[in-house]
Amino acid sequence: MPNTRKNREKVVRQTQTTKAGILRAAREEFAQKGLEGSLVDRIAERSGSNKRMIYHYFENKDGLYKTVLEGIYAELREHEAELNLEQHSPIDAINLLVEHTFYYFHKNIEAVRLLNDENLHDARHVESSKSIAGLRLTLLDTISETLDRGVAAGLFRKDINPAHFYITVASVCYFPISNAATLKAFLGVDIQSKKDLELRLDYAKRAALGCLLRDPD
């Protein structure tokens, strides 16, 4: 019996390791080539696995792509949860949310490229994902709680829609990263430089708070 349990545990660990390797390789492949340009053969080669195992775990290329996207959303939400926004003042909580979102995209350009690619497919993988739908609800609950505390403290306006506010946060954080090359070529702003990066983050925080703060009486 003990040996049987150890064998099962070993199989589980091996399965988890294999799947994790496939997902890492798929994330790189999809970020570089997009869904349409990616090849399962290359993903298998990158991961040291084989096509049979990929199809066994993820059914097909679309299923693998969807799982990679689910991992990005889960990763982003997990990091947001670790901020413990409820333990901070409303303004500090908003600044933390903006800073986290900004640096997540800056440090995870693969995620930016994958989200861009998913938009080319009308977000059909994200829309059909039950796990991503659950993450959306918890995110909006967290934002709503922070906004409510800001209203109660007399700091924030009462008419803020949590979803639209998050779109604002995501926009001011995502756009300069996803368009870094053209912004540098056209405006001379190098988002990779420490100076421009810190200035861009400061503007992002100001933009987010500008949506929320009450006008002076």
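Predicted model: local features only at pLDDT ≥ 70, side-chain atom pairs only at ≥ 80, totals over all residues.
1. Largest pocket, volume and lining. By class, the lining holds 18 nonpolar, 3 polar and 5 charged residues.

2. Largest pocket, elements. Two or more lining residues come from each of α4 (61-81), α5 (90-107), α6 (109-120), α7 (124-127), α8 (130-152) and α9 (162-178).

3. Second largest pocket. The volume here is about 200 Å³. V172, F175, P176, L183, L187, V189, I191, D196, L199, R200 and Y203 line the second largest pocket. The elements that contribute two or more residues to this lining are α9, α10 (180-187) and α11 (194-212), with α11 supplying the largest share, 4 residues. The class count for the lining is 9 nonpolar, no polar and 2 charged residues.

4. Nonpolar core. The largest nonpolar core has 53 residues, and F30 and F165 are the members that touch the most others. The helix α9 gives the most to this core, namely 8 residues. In soluble globular proteins, nonpolar side chains tend to be buried together.

5. Surroundings of F30. Which residues is F30 in contact with, leaving aside its neighbours within four places in sequence? They are L35, S38, I43, K61, L64, Y65, V68 and L114.

Note on methods: Residues numbered from 1 in each chain as written. Heavy atoms only, no water. Nonpolar A, V, L, I, M, F, W, Y, C, P; charged D, E, K, R; others polar. 1 Å grid on protein atoms, 1.4 Å probe; cavity = no way out; pocket = protein on both sides within 12 Å on 5 of 7 lines; lining within 4 Å. Points joined across faces, edges and corners; volume = space filled by probe spheres on them. Core = buried A, V, L, I, M, F, W, Y, C linked by side-chain atoms within 4.5 Å. Buried < 20%, exposed > 50% of the residue type's maximum accessible area, 1.4 Å probe, protein only. Contact = heavy atoms within 4.5 Å.
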